[in-house]
Amino acid sequence: MAKTPVLTPRAEDFPRWYQDLINKAELADNGPVRGTMVIRPYGYGLWERMQAEMDARIKETGTQNAYFPLLIPQSYLVKEADHVEGFAPELAVVTHGGGKELEEPAVVRPTSEMIINDYFSKWVQSYRDLPLLINQWANVVRWELRPRLFLRTSEFLWQEGHTAHATFEEARDFAAHIHRKVYEDFMVNVLAMDVVPGRKTAKERFAGAVNTLTLEGMMGDGKALQMATSHELGQNFAKAFNTSYLSKDGRQELVWQTSWGSTTRMIGALVMMHGDDNGLRVPPRLAQIQAVVLAIKGDEAVLAKVREVGDRLRAAGVRVHVDDRTDVPFGRRAVDWELKGVPVRVEIGPRDLENGTAMLARRIPGGKEPVALDALPGMLPGILEEDQALLLKQSRDRRESRTSDVSTLEEAVEAATSGGWARIPWAVLGEEGENKLADHAVTVRCLVAEDGSVPADGDAPGNVAIVARAY
């Protein structure tokens with residue numbers, strides 16, 4: 001009889017495969033309220049590693065972390081019309097507290113532009129107070145009609161940065177710096193994700209922004225996923241909250257602002273971009289466990305060697321977990337670590353001890369081979385870097401092979417609805433064509449310049465639209 005697969009094959013049912021993997025790799029469960037999720041320890045460990053990597057990059061820009069309240073007075077939301085209109089369908093509103101009806105309803109934050117700007121207007125008095133660079137790690141609530149774990153949930157975790165600057169140019173340059181040096185650097189060099197940096201069209205930009213910069217990734221099924229965004233807010237919120245400063249020339253000037261964010265959606269991207277029919281594949285630079293050392297049997301000599309190897313690998317700078325649970329069948333444990341995508345397994349049994357070797361299983365390229373025990377500390381760091389590079393290459397190869405250059409709306413739709421992306425001149429597509437794409441559940445993910453760079457203007461000559469179906 002054929003062996004029943006642990007996961008639904010991706011080619012058979014990609015959404016079911018995704019749900020199976022999240023469940024069996026113990027990443028998350030559905031929460032008790034529709035659209036919420038419980039992030040399990042292994043999934044939260046991935047988020048903690050993402051937090052640590054991004055937080056370090058954010059702080060290198062001079063940005064400091066702070067915290068702002070979860071509840072926002074409803075009256076705040078009417079101060080910036082485009083912003084409130086963009087979020088109105090997703091709002092959760094608290095009308096009662098302490099057993100009484102509230103005098104003013106409170107909105108559970110869908111984002112924090114409103115409350116943060118209220119405090120920016122108090123904190124900024126002079127040009128000496130600028131730039132003001134603030135980030136917070138928090139949760140937000142956006143009432144999703146079609147929730148999916150990590151990708152779209154009613155409550156999710158994220159970081160949101162908010163800044164105020166003296167000039168338009170400073171704000172523009174800071175938004176671009178976050179886009180490329182924080183987000184893109186992290187995604188490419190830690191998540192091993194090939195992403196396309198670009199500019200959103202007016203239709204797709206953030207509510208209340210004058211420009212939105214995005215990073216788009218191609219998932220394993222060819223759909224796009226917006227990975228993170230950085231927004232130029234212009235002076236829209238400064239006008240709404242009268243956030244102004246006394247300039248060096250003695251004039252009252254409105255500040256120029258940015259906001260930018262990334263979320264636990266990146267865990268979903270990790271699954272869909274790097275996962276295969278055997279489970280998750282975690283990039284070594286991200287993995288909280290880079291190597292697991294498994295005892296095949298409960299022999300005392302084996303257990304002692306497993307623990308010794310674990311110590312030696314830690315000393316070599318490898319993040320290691322020792323699995324000496326010999327009361328659990330070895331095959332089951334091996335499958336569980338495969339599902340969780342740990343980059344390397346080092347398997348040691350009595351025969352291996354006799355030979356002075358271990359069986360080395362590499363999750364990312366696949367395959368097993370015996371290696372000398374003494375050689376492991378010297379070779380594993382290099383192997384992990386090889387596998388990190390391989391994941392990025394596979395991600396890039398997928399996008400390049402499944403992206404078509406087209407010259408008509410019809411060709412763009414065909415490419416996007418058959419499991420790929422299309423590149424089409426924006427001068428050919430335009431806003432009218434963008435509206436027609438919606439009839440086919442296709443969107444313009446971003447605009448890029450002819451050379452692949454981020455265009456300085458949405459209507460710059462030579463701009464190319466990246467068109468795809470998206471999550």
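**Sheet, aromatic pairs and local contacts in a predicted model**

Strand S15 (residues 291-295) and strand S17 (residues 344-348) run parallel and pair over five bridges. Two strands are taken to pair if DSSP finds at least two bridges between them. Helices (H or I, at least four residues) and strands (E, at least two) are DSSP runs, numbered from the N terminus. The model is predicted: local features need pLDDT of at least 70, side-chain atom pairs count only at pLDDT 80 or more, and totals for chains, interfaces and linings use all residues. Residues are numbered from 1 along each chain as its sequence is written, and side-chain values use heavy atoms, with hydrogens and water left out.

Helix H8 (residues 300-315) lies across S15, S16 and S17. The direction of H8 is at about 170° to S15. Axes are lines fitted to C-alpha atoms, for helices over the stretch in contact, and angles run from 0 to 180 degrees between N-to-C directions. Contact means heavy atoms within 4.5 Å. Helix H9 (residues 330-340) also packs on the sheet and touches S15, S16 and S17. The direction of H9 makes about 175° with that of S15.

The sheet is open and has five strands, in the order S16-S15-S17-S18-S19. Its pairing is mixed. Strand S16 (320-323) and strand S19 (368-372) stand at the edges. Each has a single partner strand, so one side of each is left without a neighbour in the sheet. On average, neighbouring strands of this sheet are turned by 25° against each other, direction ignored.

A hairpin is formed by S5 and S6. Strand S5 (residues 92-97) and strand S6 (residues 100-108) pair in the antiparallel sense, over five bridges. Ala92 has Val108 of S6 as its bridge partner. Two residues lie between the strands, and Gly98 takes a positive phi near 65°.

Aromatic rings were examined next. Rings of Phe, Tyr and Trp (its six-membered ring) pair if their centres lie within 6.5 Å; planes under 30 degrees apart count as stacked, over 60 as edge-to-face and the rest as tilted. This rule gives ten aromatic pairs. Tyr76 lies in the loop between strand S4 (71-73) and helix H3 (81-87), and Phe241 in helix H6 (residues 236-241), so the pair ties together parts that are 165 residues apart in sequence. Tyr76 is buried, at 15% relative accessible area, and Phe241 is buried at 7%. Buried means under 20% relative accessible area, exposed over 50%, and partly exposed in between (1.4 Å probe, protein chains only). The rings of Phe156 and Trp158 have centres 5.9 Å apart and planes at 85°, so this pair is edge-to-face. Both Phe156 and Trp158 are buried. Phe68, Tyr119, Phe120 and Trp123 are linked into a cluster by ring pairs.

Charged groups also sit over rings. The criterion is NZ of Lys or CZ of Arg within 6 Å of the ring centre and within 35 degrees of the ring normal. Arg10 lies over the face of Trp17, 5.8 Å from the ring centre. Lys223 has its charged end over the ring of Tyr471, at 4.9 Å from the centre.

Ser230 is in strand S11 (residues 224-234) and is buried at 1% relative accessibility. The side chain of Ser230 reaches the backbone oxygen of Ala175 at 2.8 Å. Beyond four places away in sequence, Ser230 touches residues including His179, Asn211 and Trp260. Ser121 is in helix H4 (residues 113-123). Its side chain reaches the backbone oxygen of Asp118 at 2.6 Å. Beyond four places away in sequence, Ser121 touches Phe241, Asn242 and Thr243.

Some backbone features lie in loops. Leu130 and Pro131 are joined by a cis peptide bond, with omega about -5°. Pro131 is in the loop between H4 and strand S7 (132-141). Glu26, which is not a glycine, has a positive phi near 60°. Glu26 is partly exposed, at 33% relative accessibility. Ala441 has a positive phi of about 60° and is exposed at 53%.

Definitions and conventions:
A polar contact is a pair of N or O atoms within 3.5 Å; within protein, one must be able to donate a hydrogen and the other to accept it, and residues adjacent in sequence count only if both atoms are side-chain atoms.
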